[in-house]
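Please walk me through this two-chain model, stop by stop. Tell me what to select in the viewer and what I will find there.

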Amino acid sequence: MSARRLREAVMPWLVIGGLLLLWQVVVQIFHVRPFILPAPTVVWTTFLEYRQPIMDNALFTLVNTLSGFAIGIVVGVLLGIVIGSSRLAYAGLYPLLVGINSVPKAAIVPILVLWMGIGPAPAIATAFLLSFFPIAVNVATGLATVEPELEDVLRSLGATRFDILRKVGLPRTMPFFFASLKVAVTLAFVGAVISETIASNDGIGYLMMQSASQFRVPLMFAGLMVIAAMGIATYVIFALIERRVTGWATRRNDTHFGGG
Amino acid sequence: MSATDAFIELDGVSLHYGARDGTQALARVDLGVRAGEFAAVVGPSGCGKSSLMKLVSGLRPPTSGSIRVAGAAVTGPLKCVGMAFQNPTLLPWRNTLSNTMLPLEIVQPHRARLRRHRKDYVKLAQKLLASVGLSGFERKQPWMLSGGMQQRASLCRALIHDPALLMLDEPFAALDAFTREELWGVLQDLWLARKFTCVFVTHDLREAAYLSDVIYVMSARPGRIVATHRIDLPRPRSLEMTFRPEFVEIVHHIRNEIAQARSEGKPELVA
């Protein structure tokens with residue numbers, strides 16, 4: 001690994017470490033009381049002390065998030081294909097989607113609870129509602145921006161719309177798709193936790209509401225940290241898959257041949 | 001030219017964009033190209049050259065008039081035309097070989113045969129790439145190739161399925177002068193070896209005269225055919241030939257016709 005690559009790999013840890021250090025120093029110098037802002041060391045000891053319930057609830061949240069996210073991918077991709085391949089569908093559906101996406105999801109949770117009861121169902125539904133929109137928009141954008149000349153080349157070979165979608169549209173859309181996955185998976189966490197804070201007896205959201213009502217602020221922060229860590233982990237996983245699948249879109253320009 | 005020996009035949013073809021009072025791109029174009037002939041269409045910019053290509057390949061229906069290709073009326077996209085544009089439009093996620101082989105995945109009977117006879121088809125594509133000087137670049141991604149090399153690959157993609165008709169829309173317009181002249185030679189060799197019918201849209205008159213059997217000169221919008229020139233120079237033509245008096249004479253003559261077509265077109269723009 002070259003020195004530059006090594007620096008790039010170490011940098012995120014340095015930034016996070018530096019921020020925690022700053023936090024620790026500020027809390028100690030100004031004697032901030034733990035129920036206002038607990039020091040990272042306190043959060044860490046709290047995490048170790050309660051790691052079993054925290055991890056159980058985190059797993060619950062993770063499963064809800066990924067379930068909602070999976071549904072979001074399927075629905076988002078299908079919607080994106082429909083919107084991106086037909087101008088009529090674009091005109092008809094886009095305003096509706098924007099409308100749905102503009103409604104604060106926290107406001108929808110009570111309705112979902114009314115329909116689905118308390119527990120994982122509304123959390124999964126909220127995670128889905130937050131995550132499908134960016135996926136649909138990005139897939140549609142990728143499909144709608146296929147070069148018209150390329151379409152002409154294929155159509156004059158007798159290609160069907162499905163051929164064009166399979167050979168050009170979808171591969172071309174992959175960078176857009178993965179970019180949206182990285183956004184959508186973090187939104188799915190937001191959705192699941194929001195729903196759990198309102199209507200659940202499990203999950204990190206529930207844990208945080210409980211500890212808030214008892215002023216156990218370090219425990220809240222421990223829950224927050226776990227959510228953040230899971231968010232980063234899933235983001236990294238999708239970034240790695242993205243690099244493998246769409247390396248052509250983020251190519252390095254160091255291999256170039258000259259000449260006519 | 002009688003109807004029987006024309007491979008492409010346009011009869012009083014007009015094209016309006018948009019509603020009936022929209023821009024008129026083409027006005028009563030009559031045009032015939034024989035099988036195996038290399039025909040160039042030249043004219044001032046915006047005269048509807050590219051529209052003509054879309055009409056012949058069936059990608060757009062004419063507002064009026066009739067178009068026949070290979071004896072049949074064109075009613076929808078033709079099934080196996082080779083096409084190349086100024087932009088090479090190679091797929092960045094495929095390497096050069098796989099880009100070249102794209103039409104084989106769509107055009108029958110290759111489409112059905114491709115999986116079982118893959119090796120033969122790969123050999124075919126490698127041979128074609130070699131004939132345009134791209135040996136050894138089969139596994140390179142398009143962005144690793146220079147503009148001229150990408151355009152060579154694009155030509156190979158247009159020809160891999162051995163189409164009877166090749167449509168080229170200013171394929172060399174974005175290249176530097178030396179690369180462009182080099183590719184004239186490449187295209188002439190391909191055409192001499194395969195004898196497809198070729199419709200070549202360009203605004204470069206030297207290019208048109210070097211490559212073509214016949215040149216159609218179009219007027220400014222709405223495009224009409226204002227002159228037809230047969231180029232009877234012997235083949236294969238050399239770059240050296242393009243500097244001889246008889247060649248320069250042809251180019252000069254066509255240039256004047258286009259200048260006239262431009263000035264006739266201007267009052268319409270004012271009005």
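**Stop 1: where the chains meet**

The contact takes 23 residues from chain A and 29 residues from chain B. Two residues are in contact if their C-beta atoms, placed from the backbone, lie within 7 Å. This is a predicted model: local features need pLDDT of at least 70, side-chain atom pairs count only at pLDDT 80 or more, and totals for chains, interfaces and linings use all residues. Residues are numbered from 1 along each chain as its sequence is written, while chains are lettered from A and ligands numbered from 1 in the order in which they are written.

Helices (H or I, at least four residues) and strands (E, at least two) are DSSP runs, numbered from the N terminus. The largest share of this side, six residues, comes from α7(A). By class, the side of chain A that touches chain B has nine nonpolar, seven polar and seven charged residues. Ala, Val, Leu, Ile, Met, Phe, Trp, Tyr, Cys and Pro count as nonpolar, Asp, Glu, Lys and Arg as charged, and the others, Gly among them, as polar.

**Stop 2: α7 of chain A**

Which residues of α7(A) are buried? Color Leu150(A), Asp152(A), Val153(A), Leu154(A) and Arg155(A). A residue is buried if 20 or more other C-beta atoms lie within 10 Å of its own, exposed if 12 or fewer, and partly exposed in between; C-beta atoms are placed from the backbone.

Next, look at how α7(A) meets α8(A). Their axes come within 11 Å and cross at roughly 130°. Axes are lines fitted to C-alpha atoms, for helices over the stretch in contact, and angles run from 0 to 180 degrees between N-to-C directions. The two helices are therefore oblique to each other. Angles under 35 degrees count as roughly parallel, over 145 as roughly antiparallel, 65 to 115 as roughly perpendicular and the rest as oblique. The crossing of α7(A) and α8(A) is right-handed. A crossing is left-handed if the near helix is turned anticlockwise from the far one by less than a right angle, and right-handed if clockwise.

Pick out the contact: Leu150(A), Glu151(A) and Leu154(A) of α7(A), with Asp163(A), Ile164(A), Lys167(A) and Val168(A) of α8(A). These residues divide into four nonpolar, no polar and three charged.

**Stop 3**

The axes of α6(A) and α8(A) come within 7 Å and cross at roughly 160°. The pair is therefore roughly antiparallel. The residues of the contact of α6(A) with α8(A) divide into 21 nonpolar, ten polar and two charged.

The axes of α3(A) and α8(A) come within 7 Å and cross at roughly 145°. This crossing is right-handed. In α3(A), select residues including Gly68(A), Phe69(A) and Gly72(A); among the residues they and others of α3(A) meet in α8(A) are Ala184(A), Ala188(A) and Ala192(A).

**Stop 3: α9 and α10**

Go to helix α9 (residues 203–213) of chain A. The buried residues of α9(A) are Gly203(A), Ile204(A), Gly205(A), Tyr206(A), Leu207(A) and Met208(A). Their cover includes α3, α6, α8 and α10 of chain A. Just after α9(A), click Phe215(A), which takes a positive phi of about 55°.

Then center on Val226(A) in helix α10 (residues 217–245) of chain A. Is Val226(A) buried or exposed? It counts as buried because it has 20 C-beta neighbours inside 10 Å. Val226(A) touches Ile54(A), Ala58(A) and Ile204(A), not counting residues up to four places away in sequence.

**Stop 4: zoom out**

Show chain A whole. There are ten helices and zero strands in chain A. Of its 260 residues, 37% count as buried.

Finish on chain B. Its secondary structure comes to eight helices and ten strands. Of the 271 residues of chain B, 43% count as buried. The C-alpha atoms of chain B fill a box of roughly 60 × 45 × 35 Å, taken along the principal axes.
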